[in-house]
Amino acid sequence: MTDKHNKLDLWVAETHQDIVSLGFKVKETLFSGTSPYQQVDVVKTSGHGVMLLNDGIVMVSERDEFVYHEMIAHVPLFTHPNPKRVLIIGGGDGGTAREVLRHPTVERAVVVEIDEMVVNACKAHIPSIASALEDSRLELLIDDGVKYAAQCRDAFDVVLIDSTDPIGPAQPLFDKTFYKNVSGLLSENGIMVSQSESPFYDSQIQESMFSNQRPFFEKIHMYTFSTLTYPGGLWSFGFASRGPCPIRDFNPQRVEASGIATRYYTPEIHKATFALPAFVRQSLSGLIDPVPL
Ligand code: SAM
């Protein structure tokens, strides 16, 4: 498409499941490269700020990244009684690390991202998200999270799987062996939260993912959040724990007392986010546990 001055009207469009496409108008390409793992692009959009795409799939946009990153981090960190050690697998953009490091109890945070090109592109072009990667409390490892989980002997209170869709190097992050290894890394009250795709479009992925987690965790739940930049507008995280319940063990006063200023997450959202639509409860029946809302 061209405008009246014959300039190109550029759009990036993410296609999901080969049935739906979500497009964003682009002002400028800031970075484009091919790593051993994927195509990495950073573009400046007209309405969503700077955006990172891996293999043409939207990872983060400046406009709505706060929703994803606050929800992946604060729900488990405000459920765990005393989160000190946090492992993030994937998450090379730095947004999840940024939110984790806002918790004063956190003494050690480790990010294991497979693709150095993602880290460097985000540091160069999206510092509002990536600046946490420079924090002295953070250990950034360029490595395969699957291998790390299999070999690591350290214990973590919270493990966050901030991964892409289950394709390419992220595929084994949805497998039974990986979940078994992550459950072995968790301390007594440990919690794992994992990116669990679209409730509308990806119910089969969710069913396989939660049945792969089931043997290794005492409690398995799912929660949802709104997104502007992922297809379908509603996305989800899996919450698996060695004991803590995100409702019973949640104390809203801890959120108020923390002084952590958020733009999406609130104590009310913490609880309401676990209320699932009937069609989701039905498709995941027997695979996830009800929450005492
Ligand atoms: N919020 C995003 C989403 O759901 O679209 C995820 C963002 S984050 C950038 C995902 C990262 O996971 C990517 O940078 C990718 O390189 C990384 N990743 C994929 N497979 C991985 C693996 N096996 N080990 C570590 N990182 C991996």
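A cavity is a set of points, on a 1 Å grid over the protein atoms alone, where a 1.4 Å probe fits but cannot get out. Grid points are joined across faces, edges and corners, and a volume is the space filled by probe spheres set on the points. By this rule, two cavities of 30 Å³ or more were found. The model is predicted: local features need pLDDT of at least 70, side-chain atom pairs count only at pLDDT 80 or more, and totals for chains, interfaces and linings use all residues. Residues are numbered from 1 along each chain as its sequence is written, and side-chain values use heavy atoms, with hydrogens and water left out.

The largest cavity holds about 400 Å³ of space. It is lined by 32 residues, where a lining residue has an atom within 4 Å of a point. Closest to the centre are Met59, Gly91, Asp162, Ser163 and Thr164. Strand β5 gives the largest share of the lining, four residues. At least two residues each come from β1, β4, β5, α1 (65-77), β6 and β7 (108-113). Helices (H or I, at least four residues) and strands (E, at least two) are DSSP runs, numbered from the N terminus.

An open sheet of five strands runs in the order β1-β2-β3-β4-β5, with antiparallel pairing. Two strands pair if DSSP finds at least two bridges between them. β1 (10-16) and β5 (57-61) stand at the edges, each with a single partner strand, so one side of each has no neighbour in the sheet. Neighbouring strands of this sheet are turned by 50° against each other on average, direction ignored. Axes are lines fitted to C-alpha atoms, for helices over the stretch in contact, and angles run from 0 to 180 degrees between N-to-C directions. Within the sheet, β3 (residues 39-45) and β4 (residues 50-54) are antiparallel and share five bridges. Val40 has Asn54 of β4 as its bridge partner. Helix α3 (residues 116-125) packs on the sheet and touches β2 (20-34), β3 and β4. Contact means heavy atoms within 4.5 Å. The direction of α3 makes about 90° with that of β2.

Strand β9 (residues 156-162) is mostly covered, with seven of its seven residues buried (under 20% relative accessible area, 1.4 Å probe, protein chains only). β9 pairs in the parallel sense with β6 (residues 85-90) over five bridges. Phe156 stands opposite Leu186 in β10.

Definitions and conventions. Buried means under 20% relative accessible area, exposed over 50%, partly exposed in between (1.4 Å probe, protein chains only). On a 1 Å grid over the protein atoms alone, a cavity is a set of points where a 1.4 Å probe fits but cannot get out, and a pocket is an open set with protein on both sides within 12 Å along at least five of seven lines; lining residues have an atom within 4 Å of a point.
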